[in-house]
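Trainee: I have a new model open. Can you show me how to read its features?

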Amino acid sequence: MVNISYFKRFRMEIDLNDLPSPEALQEGYAWVAWDDSLLETHAEVKAQCFADEIDALVFPSLSCRDVCIHLMREIGRKQGFLPDATWLIVQGGTCCATVQGVRERSGLGAIQNLGVTPLYRGRGLGRALLLKALYGFWRAGLGRAHLEVTAHNEAAVRLYRRVGFRCRKTLYRAVDTAPMAMQAQNS
């Protein structure tokens, strides 16, 4: 049985020449720059960030660690992958936030899967991480960046607007939710 649901998403863009000042992390938190050896760490944090969120339904590639590892390999192999726009945040030895950045053929920077694990939300880490990635695009000589966000994720939409992103397009993503409904019945 197929059960198609449509999820409203916004494509948002920002001018990188008019960014707010970068944010310092709170005491006890630290930046971890991209290194190939951290691929699985990024995947693990990504899976933790999205596990119980609507985006794991909209994008099954965010639903579990093993699939996130595959996704991270694909992002890392992209010709436009930008290590300077790809970061982790760590606190006391625990990785709690992740973002990846890619330069698209069009010359735009593309934010990939920015996420903060549930226990660390509401501490300004998402804003700091977003700005760190945007400044990475700017240092790479890009003039604009974009991202896509599920409209239902109101906190993320507010954050992006506060930083300076503006909605350029509304998209609808069709998702077969029948497998999820069957899985819920079996549990």
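Mentor: First, a caution. This is a predicted model.

Trainee: Let us take the sheet. How many strands form the open sheet, and in what order?

Mentor: The general idea comes first. Strands of a sheet pair through backbone hydrogen bonds, either parallel or antiparallel. Here seven strands form an open sheet, and the order is β2-β3-β4-β5-β6-β1-β7. The pairing is mixed. β2 (29-33) and β7 (166-176) are the edge strands, each pairing on one side only. From one strand to the next, the twist averages 25 degrees.

Trainee: Which way do β4 and β5 run, parallel or antiparallel?

Mentor: Antiparallel, with six bridges joining β4 to β5. A97 stands opposite V116 in β5. Five residues lie between the strands of this hairpin, and G107 takes a positive phi near 95 degrees there.

Trainee: And how do β5 and β6 pair?

Mentor: In the parallel sense, over two bridges. G109 has A145 in β6 as its bridge partner. Now move on to β1. Seven bridges join β1 to β6 (residues 144-150), and these two strands run antiparallel. D15 has R144 in β6 as its bridge partner.

Trainee: Is β5 enclosed or open to the outside?

Mentor: Count its buried residues; the cut-off is under 20% relative accessible area. Seven of the eight residues of β5 are buried, so β5 is largely enclosed by the rest of the structure.

Trainee: Which strands does helix α1 lie across?

Mentor: Helix α1 (residues 39-50) lies across β3 (87-91), β4 (94-103) and β5 (109-116). The helix runs at about 105 degrees to β4.

Trainee: Now a loop residue. Is L108 buried or exposed?

Mentor: L108 lies in the loop between β4 and β5. L108 is buried, because its relative accessible area is 15% and buried means under 20%.

Trainee: What is L108 in contact with, leaving aside its neighbours within four places in sequence?

Mentor: Its contacts include R11, E13, L142 and H146. L108 and D15 are 93 residues apart in sequence, yet 10.0 Å apart in space, C-alpha to C-alpha.

Trainee: Last, the surface. Which residues form the nonpolar patch?

Mentor: V2, I4, Y6 and Y172 form the patch, with about 480 Å² of accessible area together. I4 lies in strand β1 (residues 4-15). I4 is partly exposed, with a relative accessible area of 39%.

Key:
Residues numbered from 1 in each chain as written. Predicted model: local features only at pLDDT ≥ 70, side-chain atom pairs only at ≥ 80, totals over all residues. Heavy atoms only, no water. Patch = residues over 30% accessible without salt bridge, like charges linked within 9 Å, V, L, I, M, F, W, Y side chains within 5 Å. Areas by Shrake-Rupley, 256 points an atom, 1.4 Å probe, with all protein chains shown as cover. Salt bridge = Lys/Arg side-chain N within 4 Å of Asp/Glu carboxyl O. Helix = DSSP H or I, 4+ residues; strand = E, 2+ residues; numbered from the N terminus. Buried < 20%, exposed > 50% of the residue type's maximum accessible area, 1.4 Å probe, protein only. Pairing = 2+ DSSP bridges. Axes fitted to C-alpha atoms, helices over the stretch in contact; angles between N-to-C directions. Contact = heavy atoms within 4.5 Å.
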